[in-house]
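Student: I'd like to go through the sheets in this one, and then a helix. Can we start with the strands?

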Amino acid sequence: MSAGGDVKETGQGLAADRVSWSAGGTLVLDGVSVTPRPGAVTGVLGPNGSGKSTLLRLLAGVLAPASGVVTLDGTALGEVPRRTAARRIALVHQQADTQVELTVTDVVRLGRTPHRRAWAPASAADEATVHDALERTGLTDHARRLWHTLSGGERQRAQIARALAQEPRELLLDEPTNHLDIQHQLELLDLISGLDLTSVVALHDLNLAATYCDQVVVLRRGRVVAAGEPGAVLTEELIADVYGVRARISRPGPGERPHIRFLGTLGP
């Protein structure tokens with residue numbers, strides 16, 4: 001995985017090469033390169049305002065980089081037909097809302113849109129995919145509930161079910177564990193890590209990242225400061241430098257994932 005200003009090699013999958021993006025005259029991302037490993041879970045970490053959400057939106061094609069390029073299988077994402085990109089890449093936002101009276105099943109059916117012709121009714125295969133996505137996210141019993149009656153955690157799971165119904169090869173998730181209790185956080189990340197997909201997940205919880213991510217990218221003020229396997233990247237020094245927090249890192253045994261214990265802020 002390349003990081004910072006390194007030049008990536010063109011290849012299969014989704015990648016960002018030295019992308020930058022600004023908002024209101026403020027540089028949000030500055031020359032970021034990321035090449036998620038196909039079939040693996042890549043965690044995007046960093047403090048609030050470090051550019052995690054913006055990076056995911058660039059990878060999804062929701063935003064266009066001011067400089068640099070996002071590629072899909074070596075082709076600039078802006079040159080990939082929109083339907084092709086929509087079939088390949090699914091993005092789950094932190095929050096989603098609608099004023100339309102939709103049931104949970106209606107929301108999940110939206111994931112089938114890139115696979116259907118305009119105005120064509122849902123096929124039996126579409127409905128089977130939708131029901132499978134509901135089952136995998138534990139929402140079968142909520143299928144007929146209206147969107148506005150759901151809790152924040154239930155809405156999050158419904159959005160993930162919609163993304164799974166899309167049958168993407170690249171799945172991008174922006175803080176998917178927000179609003180979820182501990183049980184559902186673990187169930188969700190178990191689900192994501194078990195998928196045969198390239199997943200890129202923005203996370204705040206460093207222990208969840210250490211447990212579930214195959215590789216991590218750490219952002220600070222819009223730049224990559226470290227990238228690689230969690231055990232190598234998530235050091236006490238990096239946590240102090242990037243987050244301003246004292247931590248102790250332990251490993252249960254050789255080759256085991258690290259566990260982070262936070263001891264307090266570094267202070268002024």
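**Sheets and a helix**

Tutor: Strands β1 (residues 14–23) and β4 (residues 67–72) run antiparallel and are joined by 5 bridges. Strands here are DSSP runs of E, at least two residues, and helices are runs of H or I, at least four residues, numbered from the N terminus. Two strands count as paired if DSSP finds at least two bridges between them.

Student: What is the source, and how are residues numbered?

Tutor: This is a predicted model, where local features need pLDDT of at least 70 and side-chain atom pairs count only at pLDDT 80 or more, while totals for chains, interfaces and linings use all residues. Residues are numbered from 1 along each chain as its sequence is written, and side-chain values use heavy atoms, with hydrogens and water left out.

Student: OK. Which residue in β4 does Asp-17 stand opposite?

Tutor: Val-69.

Student: What order do the strands of that open sheet take?

Tutor: The order is β2-β1-β4-β5, with antiparallel pairing. β2 (26–34) and β5 (75–76) are at the edges with a single partner strand each, so one side of each has no neighbour in the sheet.

Student: Which strands of it does α1 touch?

Tutor: α1 packs on this sheet against β1, β2 and β4, and its direction makes about 125° with that of β1. Contact means heavy atoms within 4.5 Å; axes are lines fitted to C-alpha atoms, for helices over the stretch in contact, and angles run from 0 to 180 degrees between N-to-C directions.

Student: Next, what is the order in the open sheet of 6 strands?

Tutor: It reads β6-β7-β8-β3-β9-β10, and the pairing is mixed. The edge strands, β6 (89–92) and β10 (223–228), each pair on one side only. From one strand to the next, the twist averages 15°.

Student: In what sense do β3 and β8 pair?

Tutor: Parallel: β3 (residues 41–45) and β8 (residues 198–202) share 4 bridges. Val-41 has Ser-199 in β8 as its bridge partner.

Student: And where does α9 pack?

Tutor: Helix α9 (residues 236–243) packs on the sheet, touching β3, β9 and β10, at about 35° to the direction of β9.

Student: Which residues of α9 are buried?

Tutor: Leu-238, Ile-239 and Val-242 are buried (under 20% relative accessible area; exposed is over 50%, partly exposed in between, with a 1.4 Å probe and protein chains only).
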